[in-house]
Amino acid sequence: MFQPRRLSAFEIAKRASDNFDKFLASHPIASCIRTHFDCDQGDAGKLKHLLDQDFGQEPLDLVIDDASHLLGPTMTSFNILFPRLRPGGVFVIEDWSWEHYQEGRPGFAFADEMVTGFARLVLIASLVSAHQPDVVSKVVLMRGIAVIYRGTSELDPEEFAIDSLMGERGKQLLSV
Ligand SMILES: C[S@@+](CC[C@H](N)C(=O)[O-])C[C@H]1O[C@@H](n2cnc3c(N)ncnc32)[C@H](O)[C@@H]1O
């Protein structure tokens, strides 16, 4: 839909379904698309390597995270990808609030390892936008989608850690 010059996708499954392979092969922008299977979003080294390979120094316009929906791996890939966005670039986190809308739903059972406080990442990004709008300029929330806009500051992808940028008040509020 966006006609990107390059679109890269990362997926933990070992391979694509046959239908996906067929869809991709027939897509008008197939030659712009890179797919990376067997890639865990929590594997920082692999993700950095693949991003360098696909994009080099070129900044990203848009990231859409619809992967593990667990706090740890999502935080890892957010810290790698967010500073690679261009100023004004957009980071979308799908189902950021799933633990909350599933709570109490009849027939839905949480496995312990699924409950990681995923929404915390969005709370952190919101407090960063309050404290340092040059880093996160805006956070827009819908029930199932969080849209986090990158500010204009230079960000060092090697050092970037979103939870270190909330200021003391933010840290107090989230008891970090
Ligand atoms: C909710 S599905 C979304 C798939 C696709 N975006 C869509 O809308 O059809 C989540 C996908 O994330 C993948 N996934 C889960 N954990 C992951 C991880 N740690 N790293 C990368 N991908 C992961 C799953 O295998 C699954 O294909």
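## Ligand site

An oxygen atom of the ligand sits 2.6 Å from an N or O atom in the side chain of Glu11. This is a polar contact, meaning a pair of N or O atoms within 3.5 Å. A nitrogen atom of the ligand is 3.2 Å from a polar backbone atom of Ile12. Asp40 brings a polar side-chain atom to 2.9 Å from a nitrogen atom of the ligand. On its own the ligand has 590 Å² of accessible area, and the protein covers 53% of that. These areas come from the Shrake-Rupley method with a 1.4 Å probe.

This is a predicted model: local features need pLDDT of at least 70, side-chain atom pairs count only at pLDDT 80 or more, and totals for chains, interfaces and linings use all residues. Residues are numbered from 1 along each chain as its sequence is written, and side-chain values use heavy atoms, without hydrogens and water.

The ligand is surrounded by Glu11, Ile12, Cys39, Asp40, Gln41, Asp66, Ala67, Ser68 and His69. The shell divides into three nonpolar, three polar and three charged residues. Here Ala, Val, Leu, Ile, Met, Phe, Trp, Tyr, Cys and Pro count as nonpolar, Asp, Glu, Lys and Arg as charged, and the others, Gly among them, as polar.

## Helix α3

Helix α3 spans residues 71–81; eight of its eleven residues are buried, so it is largely enclosed by the rest of the structure. Buried means under 20% relative accessible area, exposed over 50%, partly exposed in between (1.4 Å probe, protein chains only). Helices (H or I, at least four residues) and strands (E, at least two) are DSSP runs, numbered from the N terminus.

The buried residues of α3 are Leu71, Thr74, Met75, Ser77, Phe78, Asn79, Ile80 and Leu81. Their cover includes α2 (44–55), β3 (60–65), β4 (85–94), α5 (120–131) and β6 (145–150). Contact here means heavy atoms within 4.5 Å.

## Aromatic pairs

The structure holds nine aromatic pairs. Phe82 and Phe91 form a tilted one, 6.5 Å centre to centre with 55° between the planes. Rings of Phe, Tyr and Trp (its six-membered ring) pair if their centres lie within 6.5 Å; planes under 30 degrees apart count as stacked, over 60 as edge-to-face and the rest as tilted. Phe82 and Phe91 are both buried. Phe78, Phe82, Phe91 and Phe160 form one aromatic cluster.

## Positive phi

Gln3 is not a glycine, yet has a positive phi of about 55°. Gln3 lies in the segment before β1 (7–10) and is exposed, at 60% relative accessible area.

Asp38 also has a positive phi of about 55° without being a glycine. Asp38 is in the loop between β2 (33–36) and α2. With 36% relative accessibility, Asp38 is partly exposed.

Technical notes. A residue is near a molecule or strand if one of its heavy atoms lies within 4 Å of it. A polar contact is a pair of N or O atoms within 3.5 Å; within protein, one must be able to donate a hydrogen and the other to accept it, and residues adjacent in sequence count only if both atoms are side-chain atoms.
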